[in-house]
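Here is a short briefing on one protein chain. Please keep the sequence and the 3D view open while reading.

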Amino acid sequence: ASSALGAILAVLASLIIAANALVAIALLCLIQKSGSKGLYFVLNLAVADATVGFTVLGVVMDEFSQPFYPPQIFCVLRMAFVTSSSAASILSLILVACDRHLAIRKPFHYFQLVTGLRVGVRLVGLWLVAAIIGFLPVLTPGFQKISTGEKCSFFGVFHPTYMLTIFCVGFFPALFLFIYLYCDMLKIASVHVQHIREMEHAGLAGDCPPSRTTSDMKAMRTVAVLIGCFTLSWLPFFIASVVQTVCSECFSYKVIENYLWLLGLCNSLLNPLLYSYWQKDMRLQLSQLAAGVKRRVL
């Protein structure tokens, strides 16, 4: 069972790293062409998801090294890196959603508000917050559990108080923020549609296509897909973790770590695939990269 889990994790980690690396290369090309500062948030999401894949490789080595019972500080540091990278991925999703929300709510002031300095400050702050979340047990020994001679795992090294803290203070507020942003974007888009219909009824719209509304709907669709996949991927893990933390005898924590955690990790693979599929510019850039590689090979 341990070897099977290790093989699944190895394949998943490899796919996560490869997919996000490819998307990051395409995003760098798009940034050079368009100069859009908002794409840096998506690029950061790809980097964070790729980091998740690299940290999972450490867990893979543990699975293939059984029996392997490292010191407690080793396990705490390993799980801290995994937690930090996952937190960075979730926070990056929030930044992407906030950026799309700002572009819809204040389209005429967007380029004045989203400057290079502000983008850099937000990204640095994101990674600092992610590092604090992940390495809080290292800085606060009270959030650590006494080592029981088992392999590295979340419930084996982290105290239930820490688990409840990051779940209730981190995940659920993020989910509510996602829902609020999407609902607000939906309200703004509906107002735009209503104004266009009023102009068409008055004969003022002419033959001009509603490009602004189309752009809003595309942005909303992308954010909605990312939010939906994030919820489906991580919500079962966090709910089961909270229940297991409160009631340790309700069900085995191995079910959470061996199955529900894998579902959460799949979010780091779905993010680049979904963004590449829903964004026309990304599809075009990826096809150009593939054509360039084909020409060089042949």
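**Surface patch and helix packing**

Ile73, Phe74, Leu77 and Phe81 make up a nonpolar patch on the surface, and together they have about 350 Å² of accessible area. The model is predicted. The chain has 10 helices and 0 strands.

- Leu77 sits in helix H3, which spans residues 72-105.
- Is Leu77 buried, partly exposed or exposed? Leu77 counts as partly exposed, because its relative accessibility is 33% and that class lies between under 20% (buried) and over 50% (exposed).

**Packing of H2 and H9**
- Two packed helices are described by the angle between their axes and the distance between the axes.
- The axes of helix H2 (residues 39-63) and helix H9 (residues 253-278) come within 10 Å, and they cross at roughly 145 degrees.
- The crossing of H2 and H9 is left-handed.
- On the H2 side, the contact is made by Leu39, Val42, Leu45, Asp49, Val52, Val56 and Val59.
- On the H9 side, the contact is made by Trp261, Leu265, Ser268, Asn271, Pro272 and Tyr275.

**The whole chain**
- Along the sequence, the pattern reads α-α-α-α-α-α-α-α-α-α.
- The chain has 298 residues, and 44% of them count as buried.
- Take the contacts between residues at least 6 apart in sequence: 79% of these join residues at least 24 apart.
- The accessible surface of the chain comes to about 15500 Å². Carbon and sulfur atoms account for 70% of that surface.

Terms used. Residues are numbered from 1 along each chain as its sequence is written. This is a predicted model: local features need pLDDT of at least 70, side-chain atom pairs count only at pLDDT 80 or more; totals for chains, interfaces and linings use all residues. Side-chain values use heavy atoms; hydrogens and water are left out. Patches are made of residues with over 30% relative accessible area and no salt bridge: like charges are joined within 9 Å, nonpolar side chains (Val, Leu, Ile, Met, Phe, Trp, Tyr) within 5 Å. Accessible areas come from the Shrake-Rupley method with a 1.4 Å probe; for residues, only the protein chains shown count as cover. A salt bridge is a side-chain nitrogen of Lys or Arg within 4 Å of a carboxyl oxygen of Asp or Glu. Helices (H or I, at least four residues) and strands (E, at least two) are DSSP runs, numbered from the N terminus. Buried means under 20% relative accessible area, exposed over 50%, partly exposed in between (1.4 Å probe, protein chains only). Axes are lines fitted to C-alpha atoms, for helices over the stretch in contact, and angles run from 0 to 180 degrees between N-to-C directions. A crossing is left-handed if the near helix is turned anticlockwise from the far one by less than a right angle, and right-handed if clockwise. Contact means heavy atoms within 4.5 Å.
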